Amino acid sequence: MLWALHVSGAGDHPERVDWLIHRLHQPGRDLPTGFYDGAHGIAHALWALGRPDEAVELVDRARAVDPDRLGSSLYGGLSGIGLNLLSFADRCDSAAYRDKADQIAATVRRRLEERLRT
């Protein structure tokens with residue numbers, strides 16, 4: 001919602017962004033990693049809202065997830081995560097993000113090839 005308000009010109013609402021960041025730092029927060037349902041989407045929004053340090057911190061936390069535990073979807077799976085990592089690779093000039101995005105792309109491709117064979 002904060003990202004949508006920002007890009008539509010309805011304001012940035014810094015107090016709500018601060019609230020979100022505070023909630024992300026609470027212990028025991030079990031946050032999904034996907035683009036539309038979790039950490040990668042929030043990181044994307046935080047970057048757009050002028051909070052790049054918090055965005056990078058969240059992407060780094062989300063990179064520790066085992067890709068074999070996720071599906072390949074854009075919504076909550078590897079496709080959305082891989083695209084976000086490519087975006088952050090460019091923003092941060094990070095070979096590590098690019099390498100992880102390449103690994104994810106290879107996994108998604110392998111899965112698609114396996115589905116086509118069956």
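**A serine and its neighbours**

Ser 94 is buried, at a relative accessible area of 14% (buried means under 20%, exposed over 50%, partly exposed in between, with a 1.4 Å probe and protein chains only). This is a predicted model, where local features need pLDDT of at least 70 and side-chain atom pairs pLDDT 80 or more, while totals for chains, interfaces and linings use all residues. Numbering runs from 1 along each chain as its sequence is written, and side-chain values use heavy atoms, without hydrogens and water.

Reader: How far apart are the end C-alpha atoms of helix H6?

Author: H6 covers residues 95–117, which is 23 residues. The expected span is 1.5 Å times one less than the number of residues, so H6 should span 33 Å. The model agrees, with the ends apart by 33 Å.

Reader: Which helices do the buried residues of H6 pack against?

Author: The buried residues of H6 include Tyr 97, Ile 104 and Arg 111. Their packing partners are H4 (52–62) and H5 (78–92).

Reader: And which helices do the buried residues of H5 pack against?

Author: Among the buried residues of H5 are Leu 78, Leu 85 and Phe 88. The buried set packs against H3, H4 and H6.

Conventions: Helices (H or I, at least four residues) and strands (E, at least two) are DSSP runs, numbered from the N terminus. Contact means heavy atoms within 4.5 Å.
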